[in-house]
Amino acid sequence: MAAPTTTNCRFRPRPGTDPRAPPVYVTGWRRAGSAAAATLRWPVNRNTMKEAEVRRLLAANLLCVFSVILSAVVPASFWDGFTVFGTHLAWLCICSVCVSTLNIILHLVLKPNLAPKRSSFAHKISRFLKCCIYFFMSCILFHAIIVLYGAPLIESVTETFLFAVLLSTFTTLQCLCMLGPNIQAWIRVFSKNGATSIWESSLQITTMCSILGAWFGAFPIPLDWDRPWQVWPISCSLGATFGYMAGLIIAPLWIHWNRKQLTYKSR
Amino acid sequence: MRLRSGVFASSCLLVEALGVALFLRGFFPVPVRSLPRREARGDPPAEPVPPGPGMVSNWTKIPPPLFKKVVIVLIDALRDDFVFGSKGKQFMPYTTQVVEKGTSYSFIAEAKPPTVTMPRIKVDDNVTRHLDKVLKREDWDLLILHYLGLDHIGHMTGPKSPLVGPKLREMDNILKKIHISLLSKEEASLPNLLVVCGDHGMSETGSHGGSSDGEVHTPLLFISSAFEKRSGPLTQPGFVQQTDLASTLAVGLGLPISRNSVGNLILPVVGGKTMREQLRFVHLNGFQLSRLLQENTPAYEKDPGYEHFKIAEKSHGNWIKLYLEGNNSEILLNLGKKVLKQYLEALKTLSSSLSKQVAQYDVYSMMVGTVIIMEVLLLLLLSLPKALSSQAEFEVSLSPLLFSLLFYLMCLMLCAVHVIVCTSAESSCYFCSMSWLTAVGVMMLISALMCSILSAIAKIFENSRPPLKNPVVSSSSWSEIDVLILAGTIGHVLSLGASSFIEEEHQTWYFLINTLCLVLCQELCRNNFLLKEWDPQHSTTVKQNFDSIGEASECKNIDIPAARNSKLGEATSSTEFIKRSDKWISLASPWIILICCRLLRSLNQTGVQWAHRPDFGHWLTSSEQKSELSFLAAVSLLMIFFLVQRRCSLVSKIAMVLGLLGVYSYRAAIGNVIFPWQHASKGISKGITEARFVYVFVLGIVFTGTKDLLKSQVISADSSVKSTGLWEVYSGLVLLVALLFRPHNLPVLVFCLLIQTMMTKYIWRPLKFDAAQITIMHYWFGQAFFYFQGNSNGIATVDVSAGFVGLESYVEIPAIFLTAFATYAGPLLWAIHLLCYLSSEVSRNSAAVGHGCFCYALMRSVPVAIYIVLVTGLRYHLFIWSVFSPKLLYEGVHVFITAAICLFFTAMDQNHSHKVQD
């Protein structure tokens, strides 16, 4: 037989980690028998769990995408004259609020971070307050970075700040939901090979895509086309939004595609 | 022959500079120009002297004007059929009536490609709403109206658009208004003239710039009561050149024909005058053209036009003789007509041979230049892996290359092509006009480059067979910095294809360096936090690494830089409290740099779209803010001293202090800044003495530096002498820049030095980037500083006043040198700083300077080569003269400057290699 002997487990050191770290055993699926009997046999272990997780992730992400689309479409039905370009600031607010509420609800429902510690009410409150402060600080930080990139300092402060809020919603808020106000965890997730679950991989991808989208969104500003979407900050916020949506869609697909390579250290 | 990468890169850049020069010469054809004359302007010629003694014509002055007032209505993109075709009949009834029955002459004027406009006013109403007021006034002789709306309609929707009709009707009404107003003002003495013309037509898609019939055929209407009323059947309008308008108007207004005009007089316009006057006019025109020809062509006497003119002049003389004798018969008139015909023939030949020299791209020279530049780029790219290897050397075998059959075949083929092109070319060509020896030399150069490219490709194929399997490994090891550097370089090059991105190129660079700083910040965070986090696991390996580095450097017997020592100490010793503050400064440094860049960005608004925004520079230079400006300049000079002095010798420090004081007193002398004790503004001088005082110190510091450099080469002292020497040369240049920069730009210099210091101390040294990355970062910052100092890609922002600092009057060579130096101060200072940095890093990587030189050359070659290809493709673009050509000039000059910098790099590298061999 051409097919080698089959085992359900194989040893593979995690790429890019210290070789002296304890080996991680990873379960993998394989093609059973010859090509004629092309049936896939799924070992009943973490892989099926992973598949289910990916499906849950996909559903959650699609919900987020729909919330963004709805935030652009629905207000026009009860608010005359609402357009994404024309009343951009209103849209920015609506979109941020929609996405953040949905994210918080999803977080409460799905509980992706698997360790819901039993903690006191006071602890929860302080945690929540900390999260609020972190979110506000991230808004300020984004605002500062945008100004450093050349946004006007005094004029159109509202536009810049709302754009910063949108960016924070797409990036920081998700991190806060997923990881809590824990800087060490953030650094771990955003360093190379630091993700420990598909939710964290998804977080990495959507955050990167949102920021890259905003970055690319600045490109058309110098062009002299005099289009309505070239007005500050429309192109950037649209770029961030499209980047975010793209990230939401790409993340489950990418995880599904690379499910063999993705090996998460169990907690 | 072994070649080091620095030498290789500089020779490549020199060849590239040659190619750029050739391309520029072909792209900007030198227009025919009369020589600038010191003596009084050439008097208009008298009538030709009739042969025989005793008779002299009394017509020696310019003839009097034929028209009192002239109105020129220029309608952009007015194609001939819009007036003479069915559209004209439908939408321009008044004009059609004037053309068919009125007192007018109509022509089709041919435009010369490139058919472009330099658009300025964009709304036609802005022109029309002043018309009534102006027409009522009496204080003008010539009125020019430029209507751009039709062109916009053409660009947006094409010539068949429904918008064209109403626009033509609007134009017709305006023409009617002007014509009636001119007629009502007319006095008995002199009639008025209305000229209607288009600057170019439009193609069937509505664009223009090329040379199709629709684009070059424009209507030209002369309307005046001086002309005879049209009668009889309507004839097809005759063809004239657009350039003829200038000569005709000059004659009509009684002015001398401008010396550089290549046009012919349009004879029907002066058809109402007597035969003698007509002959006089065409003689003036012919004389002007033949003089222009004399000044531009060496062999003008053989030109058929010139010969014709001389014959016609002779017959003219004979005719005058007959005329002055009182002969006034029919025969004289017929004879006059014959002379006129001779003149017209001569004029036509003259102006056609003159206009061949203008308004055409010299495509052959451009092609040769482009080929050279592209070959150099290819060669640089192909030798990239070898040049950046640790030896930074490669084997170049010229002799087998020069004796190969391929080389000779290629030479022969190129020479044959050259002969064919040059003998068949109709228009003049710069490359063909060079001597044969030079041309053959260039052809040999091209074939040699081609052969070396081929051999390089062959070598790569030979070598890369075995390790071709895993290219993934190399790509996966790319850090964020590498990705950003590559993407930024490619993105910037691609952005050069869009005119807006060229106008706003500063935004591209600011954006890139901002992103670079953020990525550096991330890198620093990773370096500081993650290493700490994994400390228990990794401290041993880190320690080992540092130990091995220390051992390696000790083996080489080269002193370890202080920064390394501290780093080593940090890793090996107990790490609790040492350099904690250093870490935080290091983490904050990208943010400080970002803030500096943001401040600089609002110092000088540049570009086109946002250039009108208020900025600090304008605020500071306004006269009320003199004391603020003085304070700022003083503080900046002080800061410059503190930032520069730390690595200078004592003598240079003193010279620096005196020089900077001199800079301030120079600015005070010319009235830019004030001394605190000086309350009233005293007389303003040119500040020659003060400026020369500073020049003395600049030369002194540079000389001290050079002396150190020579010393380090000759007696091969330790490398610290050399780095001090380099730093002194650098500080001398800083002093020169401080002198040449306007006072409000001195903060640019301060921030430049500050950023360099911070980068060196807290970012580049700790993060241990390789020479290529450092070079590219220097290049990016250099480009950004080019724009921070207020430059743009338009010619208007070049500060020519820098060329007059310390000079009594305009002296060409120093003025050009100083202006170029001041304009490119940013990139130059960063390049020299790069050299200082890399030569201090030699202990770590002995080939650092060579790598830096090679990367710098490559970074310059890539945009130039791509841009030249882009410009060649876009040579009929609407903005070619207003946006793309100035940028081309900037790029060209930058290549020359970079070639000089690379030569300096190579010279420094040479020293080092000698020393290593010793």
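A residue counts as buried when its relative accessible area is under 20%. The legends below describe a predicted model.

**Figure 1. Residue B:N514 in helix α23 of chain B.** The helix shown, α23, covers residues 505-533 of chain B, and B:N514 lies within this stretch. Is B:N514 buried or exposed? The relative accessible area of B:N514 is 3%, so the residue is buried. Leaving aside residues up to four places away in sequence, B:N514 touches A:L148 and A:Y149 of chain A, together with B:L594 and B:R601 of chain B.

**Figure 2. The largest cavity and its lining.** This cavity has a volume of about 190 Å³. Its lining is made up of 16 residues. Nearest the centre of the cavity lie A:N103, A:L106, A:Q174, A:M178 and A:W199. Four helices of chain A each supply at least two residues of the lining: α1 (46-73), α3 (88-110), α5 (157-179) and α7 (198-217). Which classes of residue make up this lining? Eleven of the residues are nonpolar and five are polar, while no charged residue is present.

**Figure 3. The second largest cavity and the residues of chain B that line it.** The volume here is about 70 Å³. The lining consists of B:Q783, B:F786, B:Y787, B:N793, B:Y824, B:K887, B:Y890, B:E891 and B:H894. Which helix gives the largest share of the lining? That helix is α37(B), with four residues. By class, the lining of the second largest cavity has four nonpolar residues, three polar residues and two charged residues.

**Figure 4. The cavities as a set.** Counting cavities of 30 Å³ or more gives eight.

**Figure 5. Chain B, the setting for the views of B:N514 and the second largest cavity.** Chain B has 918 residues, and buried residues make up 51% of them. The chain contains 37 helices and eight strands. Among its contacts between residues at least 6 apart in sequence, 81% join residues at least 24 apart. The accessible surface of chain B is about 42200 Å², and carbon and sulfur atoms account for 64% of that surface.

Conventions: Residues numbered from 1 in each chain as written. Chains lettered and ligands numbered in written order. Predicted model: local features only at pLDDT ≥ 70, side-chain atom pairs only at ≥ 80, totals over all residues. Heavy atoms only, no water. Buried < 20%, exposed > 50% of the residue type's maximum accessible area, 1.4 Å probe, protein only. Contact = heavy atoms within 4.5 Å. Areas by Shrake-Rupley, 256 points an atom, 1.4 Å probe, with all protein chains shown as cover. 1 Å grid on protein atoms, 1.4 Å probe; cavity = no way out; pocket = protein on both sides within 12 Å on 5 of 7 lines; lining within 4 Å. Points joined across faces, edges and corners; volume = space filled by probe spheres on them. Nonpolar A, V, L, I, M, F, W, Y, C, P; charged D, E, K, R; others polar.
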